[in-house]
Amino acid sequence: MTKKMEEAKNLMLQGFNCSQSVSAVFAEAYGQDKANILRIASGFGGGMRQAEVCGAVSGAIMVIGFKYGIDETNMQDKGLCYEKTLEFMNHFKEKNNSMKKLIILLNQSQYFIDYPLLKPDICLKHSYNPVIF
């Protein structure tokens with residue numbers, strides 16, 4: 001487990017959701033305020049509260065935005081951000097067969113039943129991607 005994954009796991013164990021945990025550990029590296037990122041990412045956990053797109057995916061896409069996102073000064077770079085986002089999403093889907101929280105959880109349900117304290121390890125293992133970590 002990488003240092004960032006370990007930090008994200010610690011945030012999850014403190015009660016933060018997957019989206020918060022993944023995005024917040026990169027905040028300072030990209031000049032973002034960690035407290036603000038924790039607030040911004042709050043509603044993305046639990047598949048946006050609908051067991052849809054996994055919160056770890058949402059958090060990772062925020063991190064891609066930190067690194068490759070555009071603003072008024074670099075509008076020409078929009079394509080690179082989209083390319084990195086698609087690269088991440090394709091890698092995630094390849095590893096997990098889905099980006100939907102419900103499907104990922106159903107595929108891992110026995111682990112959560114037998115080992116509920118492993119949830120942060122399992123969630124982070126499934127969200128690990130060389131694009132962001």
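Reader: In what order do the elements of the protein chain run from the N terminus on?

Author: They go α-α-α-α-α-α-α-α. Bear in mind that this is a predicted model. The tally for the protein chain is eight helices and zero strands.

Reader: How much of the protein chain counts as buried?

Author: That would be 44% of its 133 residues.

Reader: What makes Cys18 and Cys54 buried or exposed?

Author: The cut-off for buried is under 20% relative accessible area. Cys18 has 9%, so Cys18 is buried. Cys54 has 10%, so Cys54 counts as buried too.

Reader: And Val53, why is that residue called partly exposed?

Author: Its relative accessible area is 27%. Partly exposed runs between the 20% limit for buried and the 50% limit for exposed, so Val53 gets that label. You'll find Val53 in the loop between helix 4 (45–51) and helix 5. The C-alpha atom of Val53 is 8.8 Å from that of Ser98, although the two residues are 45 apart along the chain.

Reader: What makes helix 5 mostly covered?

Author: Count the buried residues: 11 of its 14. Among them are Gly55, Ala56, Val57, Met62, Ile64 and Phe66.

Reader: How does the reach of helix 5 compare with the expected value?

Author: Helix 5 covers residues 55–68, and from first C-alpha to last it reaches 20 Å. At 1.5 Å a residue you'd expect 20 Å, so the reach is close to that.

Reader: Which residues of the largest nonpolar core touch the most other members?

Author: Of the 14 residues in that core, they are Cys54, Ala56, Val57, Ile64, Phe88, Phe92 and Met99. Helix 2 (18–27), helix 5 and helix 6 (78–96) each put in at least two residues. Helix 5 gives the most, with five. Apart from this core there's another one of 10 residues, including Ala24, Val25, Phe26 and Ala27. As a general point, nonpolar side chains in soluble globular proteins tend to be buried together.

Reader: Why is helix 2 called roughly parallel to helix 5?

Author: Their axes are 6 Å apart and the helices pack at an angle of about 25°. Angles under 35 degrees count as roughly parallel, so helix 2 is given that description relative to helix 5. Helix 2 passes helix 5 in a right-handed crossing.

Reader: What makes helix 5 roughly antiparallel to helix 6?

Author: Here the packing angle is about 150°, with the axes 10 Å apart. Roughly antiparallel starts over 145 degrees, so helix 5 and helix 6 qualify. The crossing of helix 5 and helix 6 is right-handed.

Methods
Residues are numbered from 1 along each chain as its sequence is written. This is a predicted model: local features need pLDDT of at least 70, side-chain atom pairs count only at pLDDT 80 or more; totals for chains, interfaces and linings use all residues. Side-chain values use heavy atoms; hydrogens and water are left out. Buried means under 20% relative accessible area, exposed over 50%, partly exposed in between (1.4 Å probe, protein chains only). Helices (H or I, at least four residues) and strands (E, at least two) are DSSP runs, numbered from the N terminus. A nonpolar core is a set of buried Ala, Val, Leu, Ile, Met, Phe, Trp, Tyr and Cys residues joined through side-chain atoms within 4.5 Å. Axes are lines fitted to C-alpha atoms, for helices over the stretch in contact, and angles run from 0 to 180 degrees between N-to-C directions. Angles under 35 degrees count as roughly parallel, over 145 as roughly antiparallel, 65 to 115 as roughly perpendicular and the rest as oblique. A crossing is left-handed if the near helix is turned anticlockwise from the far one by less than a right angle, and right-handed if clockwise.
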